[in-house]
Amino acid sequence: QVQLVESGGGSVQAGGSLRLSCASSGYAGSPYFMGWFRQAPGKEREGVAVIDTVYGVTSYSDSVKGRFTISRDNAKNTLQMNSLKPEDTAMYYCAATPGSGPRPVAWLLNSNNYRDWGQGTQVTVSS
């Protein structure tokens, strides 16, 4: 059974940094995409960053490119968030889905393509 457990998050002032982690189980030996999505109140869920766990290829939304970095170490996925802005405030979710190889960025950042989800962790950035 697949399980995704997030940790990290919290409150920080604009310009600060936070690190989110996601521990996965149930995917051992299988190729999969793992990513982070966020949802602010009244807004749709949006893809932030994704990593192909086989090839290590990463993809980012334009809004976080250059500020956020996704990485993976064994079954743990980390999202390092630097230069945080108030507009980064949202509930952040770890997600995963079976698969690997080239995909359009729009596909990778589409939450509808992800099968498994964590519970979410809140990130709040104050100005």
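Asp-116 is buried, with a relative accessible area of 14%, where buried means under 20% relative accessible area, exposed over 50% and partly exposed in between, with a 1.4 Å probe and protein chains only. The model is a predicted one, in which local features need pLDDT of at least 70 and side-chain atom pairs count only at pLDDT 80 or more, while totals for chains, interfaces and linings use all residues. Residues are numbered from 1 along each chain as its sequence is written, and side-chain values use heavy atoms, with hydrogens and water left out.

Asp-116 has a charged partner in Arg-115, with which a salt bridge is formed whose closest N and O atoms are 2.9 Å apart; the term stands for a side-chain nitrogen of Lys or Arg within 4 Å of a carboxyl oxygen of Asp or Glu. Side chains of opposite charge can pair when their charged atoms come close. Across the whole structure the search finds 5 salt bridges.

Asp-88 counts as buried because its relative accessibility is 0%, and Arg-38 counts as buried at 5%. Asp-88 also forms a salt bridge with Arg-67, with the closest N and O atoms 2.8 Å apart. Since Arg-67 lies in the loop between β6 and β7 and Asp-88 in the loop between β8 and β9, this pair ties together parts that are 21 residues apart in sequence. Arg-67 is buried too, with a relative accessible area of 10%, and salt bridges that share partners join Arg-38, Glu-46, Arg-67 and Asp-88 into one network.

The aromatic side chains give a further set of contacts. A pair of aromatic rings is described by the distance of the centres and the angle of the planes. Here rings of Phe, Tyr and Trp (its six-membered ring) pair if their centres lie within 6.5 Å, and planes under 30 degrees apart count as stacked, over 60 as edge-to-face and the rest as tilted. The search of the whole structure finds 5 aromatic pairs. In one of them, the rings of Tyr-27 and Tyr-32 have their centres 4.2 Å apart and their planes at 25 degrees, so the pair is stacked. Tyr-27 counts as buried at 5% relative accessibility, and Tyr-32 is buried with a relative accessible area of 3%. Phe-37 and Tyr-114, by contrast, form an edge-to-face pair, with 4.9 Å from centre to centre and 65 degrees between the planes. Because Phe-37 lies in strand β4 (residues 32-39) and Tyr-114 in the loop between α1 (105-108) and β10 (116-117), the pair ties together parts that are 77 residues apart in sequence. Phe-37 counts as buried at 0% relative accessibility, as does Tyr-114 at 5%.

Phe-37 and Tyr-114 belong with Tyr-93 and Trp-117 to one aromatic cluster. The charged end of Arg-45 sits over the ring of Trp-117, 4.7 Å from its centre, a placement that requires NZ of Lys or CZ of Arg within 6 Å of the ring centre and within 35 degrees of the ring normal. The charged end of Arg-103 likewise sits over the ring of Trp-107, 5.1 Å from its centre.

Two serines in loops may be considered next. Ser-61 is found in the loop between β6 and β7 (68-73) and counts as buried at 9% relative accessibility. Leaving aside residues up to four places away in sequence, Ser-61 touches Gly-47, Val-48 and Leu-109, contact meaning heavy atoms within 4.5 Å. Ser-17 lies in the loop between β2 (10-13) and β3 (18-25) and, at 40% relative accessibility, counts as partly exposed.

Finally, Tyr-55 has its place in the loop between β5 (46-52) and β6 (58-60) and is exposed, with a relative accessible area of 61%.

Definitions and conventions
Helix = DSSP H or I, 4+ residues; strand = E, 2+ residues; numbered from the N terminus.
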